[in-house]
Amino acid sequence: MADDSIAVVDLDRCQPDRCNYECANYCPPNRTGKECITLRGEDTEAGDPDQIRISEEICLGETCGICVQKCPFDAIEIRNLPAELSDDPVHRYGENAFALYGLPLPEPGRVTGILGPNGIGKSTAVHALAGELVPNLGDHAADADWDRVLDRYRGTELQNYLKRLIAGDVTVSRKPQYVDRIPDQFSGRTRELLERTDERGDLDRIVDRLGIDPVMEQPIESISGGELQRVAIAAALAREADFYFLDEITPYLDISQRMTVARLIKELAEDENRSMLVVEHDLAILDLLTDSLHVAYGQPGAFGVITDPKSVRNGINEYLKGYLENENMRIRPSRIEFEEHAPRTSSTGNPLVDYPDLYKSYGEGEFELTVEGGTVYESEVLGIVGPNGIGKSTLAKLFAGRLEPDEGDLDFRLDIAYKPQYVEIDQPMRVDAFLSSITDDFGTSFWNTEVAQPLQLERIMEQNLTDLSGGERQRVAIAACLSEEADLYLLDEPSAHLDVDQRVQATTAIRRYAENHDATVMVIDHDIYMIDLLSDRLMVFDGEPAVRGHASRPQEMRAGMNDFLSDLEVTFRRDERTSRPRINKPGSQKDRQQKRDGEYYYA
C-alpha cells in the first residue's frame, strides 16, 4: 500500500504495557503469517522497543482499518492518500509518523497566505523554508541532504529560493503562533523587548501604526492579549529579513486592529519588497490581506498537503466548499455554510436577571467602566462586541463574581460558568479526568453528542492538559464551561487559536447547547461570523481603550451591529457565491454606499 496509503502510530498514545497488542493479534496480514504489525525492537530510532511499527508495504490500507478499531488508545491511523498525489513527501518525521506533501512559495513584494486546519503541517513547511529543517523527501532513514532537495525542485522558483537560503542570502523573521507564551520567555519592559529586534531602524513607525506606544514602558507580563499580539507583530516586522512568517495575526485583536495590522503588512510587502507568508483563520482578513493563497488539507496529525498557489477568492471559496477544483480533490464531506439570513429577531422571554447601572474603576487615573442597566433573558445568546481594552472582560469578571463593582449591586444568586479570555491550564492531569471531575454526564451519549463530538475532543481525551496546543486548550476550556451546571454561561473569546472548521464546530456546539438546554449564554468575541451566527441580541462597548469604556444595554442584532461597525468605520458585505463575510475595502464604492445608507452590517 506504500503508494496510496499511510500508517501513523502516535507514540504518545501507544501504551503496550496497558494492552494485549490487539492491533497485531487481529491484523489480517499478521494472521496469515506476514509481519505487518510488529514490535519496534531495540534498534528503534523513535519510541520504545515494546511499541509497535506498521509495515506500509504489507498493510491493507484504510479499507481494512481493523487495527484502528482495536487499539484501545486511538494510537493508530491508517489513511488513504489522494489518488492525484503523485509526488513523494517533502518531509516525514520518522517511521509511521506525520508526512508533509508540498511547500508554499514565498514571493518578493507579495503576501502569500496559507489556509488550512491546525495540525496539517503549516509550521513544518515554514521550518523548511526557514532552513531550520532539511526536508528528507520522505526517506527518514537517510541523512538530510540539501542537494537532493534542490534536485527535486529543479527548474522551479522554489529551487531558486532554496539555493539563496542555503547560501545564506535569505534571512527569516517569525511571529510565533501563541503570543501568550512570550511573558514566560521574557520578563522585562515592552520597550526592552522591541529594541532588541529593531534592526531596520523603523521601530517607532511600526509602534505608532500598531498603537502600542502606551504600553512601551509596561512590564511585558502586565499587558493584555491584544497588546501582546501587536507587540509580537511589531517585533517580527522590525527585524531585517527577507522572509517574514506571521503565524495567526488576529487572535485577541478587534476588527479595527486586525485591519490596521493587515494594511501595515501589505504596505511593507509592496513598498519594501518584503516576502510575507501569513497563516490565518480569519477569512475576512485573509481575503483582504493576501495576494495569493495556498490551501492545506489532509488528516491532522497524519499527513498534510499544501497546494500550488490559487487566487485568494477561489482558494477560500474552494476551501469552504470542501472541493479543490484544480486538484480534483474533496477535502471535506460537506461544505461550510455561511447562511445568508436577516439578523435573528430575539423573542424576549422570562428575564433571567435584571442588572443595574454599574461602575468599576481600577484606581485614580486608571481604566474605568460604566455599564447601562439592562436585562438578560432566559434561553438567549447575548453577543458582546467592542474594541480591545474597552472593558468587555471586566464586565465578564463582574458578572462572574471575579471583580466587585464600585457602584451598583450584582447580587445575582445565579450559578455562573465562566471561560476566561486566557486559557491557563497547568494541572498535571489528563483531559478525560479533568472533564469527568466537572460533570457526571461525562462519557454519556448525550454529553458525547452535545459537547465532545462537535468540539473534536475524542483524540485528546488521554493527553495531559499541560501538553495541549493552544487550540486544544481552547476546546477543552469551552467543553469545561458548557459541562458545568449553571444558570448563565460566560465565554470570553472562544474563537482564539481555532481554525475555520473548529470555529464552525464550536459555534454549533455553543448554539445547540443553548437551544437544547434552554441555557443563557454570553459570548465575547471578535469573530464577526461567530457573533452573527450565535447571537440573539448584542451588547456594544465604546469609549477610549485603556482609559474608559461604556457598555450599552442589550439591543437587537442589526441595530447593535450597525452601532458597533459605524464606530469602527468598517463595513461588511457577503460573498455572492458563498455568503461568507467579507470586509469592504475602505473607500470602495460598496463601502461608501453602505456608509451613506447607514447599513454597515451585511447590506
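I began with a working rule: a residue is buried when its relative accessible area is under 20%, exposed when it is over 50%, and partly exposed in between, with a 1.4 Å probe and protein chains only. By that rule I noted Gln502 as buried, because its relative accessibility is 8%.

Before going on I wrote down that this is a predicted model, in which local features need pLDDT of at least 70, side-chain atom pairs count only at pLDDT 80 or more, and totals for chains, interfaces and linings use all residues. Residues are numbered from 1 along each chain as its sequence is written, and side-chain values use heavy atoms, with hydrogens and water left out.

I placed Gln502 in helix H18, residues 500–516, where helices are DSSP runs of H or I with at least four residues, strands are runs of E with at least two, and both are numbered from the N terminus. Taking contact as heavy atoms within 4.5 Å, and not counting residues up to four places away in sequence, I found that Gln502 touches Asn118, Gln456, Arg475 and His497. The side chains of Gln502 and Asn118 are also joined by a polar contact of 3.1 Å; such a contact is a pair of N or O atoms within 3.5 Å, where within protein one must be able to donate a hydrogen and the other to accept it, and residues adjacent in sequence count only if both atoms are side-chain atoms.

I then looked up Phe446, which sits in helix H16, residues 445–452, and is partly exposed at a relative accessible area of 35%. Leaving out residues up to four places away in sequence, Phe446 touches Asp441 and His517.

**Domains 1 and 3**

I noted three domains, namely domain 1 (5–80), domain 2 (99–330) and domain 3 (352–524 + 537–554), with bounds that come from an automatic or database domain assignment. The C-alpha centres of domain 1 and domain 3 are 41 Å apart, yet eight residues of domain 1 are in contact with six residues of domain 3. Together these two domains bury about 520 Å², of which 21% is on carbon and sulfur atoms; buried area here is the accessible area (1.4 Å probe) that two parts lose on being put together, summed over both. Arg13, Asp74 and Glu77 supply 67% of the area that domain 1 buries against domain 3, more than any other three residues.

**Salt bridges**

What joins the side chains of Arg459 and Glu77? I found a salt bridge there, at 3.7 Å from N to O, the term meaning a side-chain nitrogen of Lys or Arg within 4 Å of a carboxyl oxygen of Asp or Glu. The count between domain 1 and domain 3 is one salt bridge, while the overall count by this rule comes to 43.

I also recorded the salt bridge of Arg430 with Asp432, whose closest N and O atoms are 2.6 Å apart; Arg430 is partly exposed at 25%, whereas Asp432 is buried at 16%. Another pair is Asp151 and Arg154, with the closest N and O atoms 2.8 Å apart; Asp151 is partly exposed at 46%, and Arg154 counts as exposed at 57%. Lastly, I noted a network of salt bridges that links Arg200, Asp202, Arg205, Glu240, Glu272 and Arg274.
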